[in-house]
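Hello! Here are a few notes to read with the model open beside you. Take the points one at a time and look for each place as you go.

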Amino acid sequence: MRALWHLIRRDLTLVLRSGTDAGAALAFFVVTVTLFPFGIGPEPEILGRVAAGLIWVSALLATLLSMERLFQADYEDGTLDQLLLAGVSAEAIAMAKIAAHWLVTGLPLLIVAPVMAALIQLPAGAYGVMIASLALGTPVLSLIGGIGAALILGARRGGALLALLVLPLFVPPLIFAVGAIDAAALGLSPRPNLLFLAGLLAAALPLAPVAAAAAIRQVLD
Amino acid sequence: MHRFANPARFMRLSARLLPWLAGATALLLAVGLYLALIASPPDYQQGQAVRIMYVHVPSAWLSMAVYGAMALASIAYLVWKHPLAGLFTKAVAPVGAGFTALCLVTGSLWGEPMWGTWWVWDARLTSVLILFFLYLGYIALVGAFDDAERGLRVGAVLVLVGTVNLPIIKFSVDWWNTLHQPASVGRLDGPTMDTAMLIPLLVMALAFTLLFAVLALVRTRAELTWRKVEVLRLFQAAGE
Amino acid sequence: MTILSAEKIACQRAGRLVFRDVSLRLDAGGAIVVVGRNGAGKSSLLRLLAGLLKPLMGSVRTEPSPDDQRRMFGYVGHHDAVKPTLTALENLVFWAGLADRREARARAELALEAFDISQLADLPGRILSAGQKRRLSLGRLLVAPARIWLLDEPSVALDREGVRRLEGEIGRHQASGGGVVVATHQDLTIAGAETLDLEAHRPGQRTAGG
């Protein structure tokens with residue numbers, strides 16, 4: 001547990017020192033959302049109708065973009081070996097990396113998303129639910145993405161491979177999150193969707209680090 | 001199970017089994033296709049298009065069954081380190097992907113006359129499409145490592161992750177589908193099915209299963225042989 | 001007292017048999033120098049001993065000692081595990097703190113001093129030279145004490161003075177009851193070192209005992 005905090009703190013320092021990496025995912029999110037009106041057209045009704053989906057698909061792609069090198073640097077420079085020899089479990093390593101990833105990409109998305117939602121005319125009643133869905137959903141994206149990042153460790157053509165592996169697994173959180181926002185926009189209760197989303201988080205929180213750790217161990221074997 | 005995990009024994013047993021299996025497959029496929037395409041009656045609602053079902057439904061079953069087999073083999077490979085289990089998983093993945101693609105294509109062909117469109121985001125079709133992506137992901141991942149063993153092991157982890165996720169994906173897609181009230185009305189499986197249709201369907205399902213068994217054996221044998229060639233090459237390089 | 005032993009281990013990498021029938025025994029205060037041409041499996045042997053790889057055959061055993069609180073393995077490999085954006089000191093403080101939070105900074109400073117890189121403490125890892133990174137990597141052995149040091153070509157990129165310091169630290173480690181396994185091409189002066197030649201364990205060669 002202490003090792004976990006120690007690792008998270010180091011990862012945060014590393015990301016903050018190389019500031020551009022941390023900003024890249026956020027910038028990607030902002031640019032992607034901005035591009036959609038050019039593809040769909042500026043009519044507020046049409047944009048408002050698809051706003052929830054746009055926000056979420058963009059968030060999902062931004063997560064994916066920043067995920068590829070999650071374990072790669074530590075793997076290449078020998079840090080992973082040293083951590084394991086220091087008695088840190090592969091699960092703790094995975095959990096720490098995923099937590100740090102969420103703190104530097106998921107959390108900023110929560111803050112920027114309302115601004116972007118305003119740009120694409122998200123219906124007024126849906127903002128709270130959108131933030132709730134991101135708060136519950138982006139950790140799930142980071143957790144699932146962490147499995148993918150561990151699987152592609154040491155593989156050729158990492159990025160495209162990661163997208164192929166992870167995007168199908170992103171379908172459930174996407175469905176429940178957008179379902180919740182749409183329900184709120186229509187004046188219905190977003191509760192069941194949000195509960196499913198919370199359920200996904202509760203399941204992914206213990207399971208994803210275990211799966212990612214299993215993949216990390218295969219690499220060392 | 002350990003008895004069959006011995007590669008040499010597997011090669012011997014499968015060589016003896018293959019001709020019989022292949023013969024039975026050819027026979028059943030011929031009978032099944034005759035029953036499905038010629039002998040069975042057209043549907044009173046769907047007309048001749050119903051014949052697509054005799055290929056579509058068995059391939060849908062197989063697309064899931066093959067993934068199930070891969071999941072079991074992956075457990076055997078990761079937990080008991082059976083060398084054959086990893087090779088088997090790698091060998092059958094393209095077969096499973098093939099059945100899944102067949103299921104999607106026939107579904108689309110059936111949808112055109114029935115729904116008036118090639119693709120509908122029907123809950124089942126969507127789930128099968130995602131299953132197809134899982135197959136593709138596995139195939140791409142296993143092939144992406146210089147060390148073949150490592151590809152097999154990482155692939156096995158992915159198959160298990162997919163296995164845990166499949167029911168969740170299925171559920172979420174069903175949920176999403178009812179939410180969006182799809183335009184599709186026609187369902188493939190009526191509540192009752194005439195025996196004149198059920199028998200050809202079951203024969204075809206059995207034929208497809210046997211076909212899978214034949215392909216699985218042939219491909220696993222090929223993987224094993226390939227492995228042997230590589231080892232021989234290494235010994236040659238070592239100058240032994 | 002034996003602290004590490006390996007029994008007839010064989011190693012396979014990427015489908016290739018690298019060596020076989022390697023047995024060794026490391027005593028407290030002892031040292032083993034592993035030699036062999038490139039590709040003989042020196043690095044793989046060290047990783048096997050550390051438990052980072054699993055042997056194809058055979059077994060590796062460590063003998064825990066109740067009165068030794070140090071962790072089992074300290075490992076210096078080809079990769080220095082030096083983070084480019086952290087300073088030299090921060091790099092060591094991280095590893096020191098991971099082992100034991102108390103006085104992590106003080107121990108890191110001592111380790112920098114031991115390898116004579118105190119003046120680099122505040123420089124980021126990215127601008128350190130190969131030799132300086134290697135010294136930093138060796139410093140990790142001191143901030144996170146371990147009973148057995150596994151050193152893979154530790155003298156690569158080190159100057160003569162650096163090698164002397166390394167030999168001094170190895171000597172001190174042996175004196176404290178630790179053991180060392182070194183894979184090297186260069187001559188290192190290590191007291192009481194046995195030599196293990198992996199050439200004798202090449203597959204296809206008649207084995208000549210461990």
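1. Let us begin with a definition: helices (H or I, at least four residues) and strands (E, at least two) are DSSP runs, numbered from the N terminus. Just after α3(C), C:Asp116 has a positive phi of about 60°.

2. A word on the ground rules. This is a predicted model, in which local features need pLDDT of at least 70 and side-chain atom pairs count only at pLDDT 80 or more, while totals for chains, interfaces and linings use all residues. Residues are numbered from 1 along each chain as its sequence is written, and chains are lettered from A and ligands numbered from 1 in the order in which they are written.

3. Now find helix α3 of chain C, residues 104–114. Its buried residues are C:Ala104, C:Arg107, C:Ala108, C:Ala111, C:Leu112 and C:Ala114. (A residue is buried if 20 or more other C-beta atoms lie within 10 Å of its own, exposed if 12 or fewer, and partly exposed in between; C-beta atoms are placed from the backbone.) Why do they lie on the same side of α3(C)? Because they cover an arc of only 160° around the axis, the arc being that of the directions from the helix axis to the C-beta atoms. The cover over these buried residues includes α2 (88–99), α4 (130–143) and α5 (160–175) of chain C.

4. Which residues does C:Leu92 contact, leaving aside its neighbours within four places in sequence? They are C:Ala108, C:Ala111, C:Leu112, C:Leu136, C:Gly139, C:Arg140 and C:Val143.

5. Strand β3 (residues 31–35) runs parallel to β7 (residues 179–183) over four bridges, and parallel to β8 (residues 193–197) over five bridges. C:Ala31 stands opposite C:Val180 in β7(C), and its bridge partner in β8(C) is C:Ala193.

6. Next, look where chain A meets chain B: the contact takes 23 residues from chain A and 24 residues from chain B. On the chain A side, the elements giving two or more residues are α7 (127–151), α8 (158–166), α9 (171–185) and α10 (191–220). Of these, α10(A) gives the most, with six residues. By class, this side has 17 nonpolar, three polar and three charged residues. (Ala, Val, Leu, Ile, Met, Phe, Trp, Tyr, Cys and Pro count as nonpolar, Asp, Glu, Lys and Arg as charged, and the others, Gly among them, as polar.)

7. Finally, chain B has seven helices and zero strands. Of its 240 residues, 38% count as buried. Chain B averages a pLDDT of 86, and 89% of the residues score at least 70; pLDDT is the predictor's confidence in each residue, from 0 to 100. Confidence in chain B is lowest in helix α1 (residues 2–5), at a mean of 52, and highest in helix α3 (residues 53–79), at 94.

Methods: Contact = placed C-beta atoms within 7 Å. Pairing = 2+ DSSP bridges.
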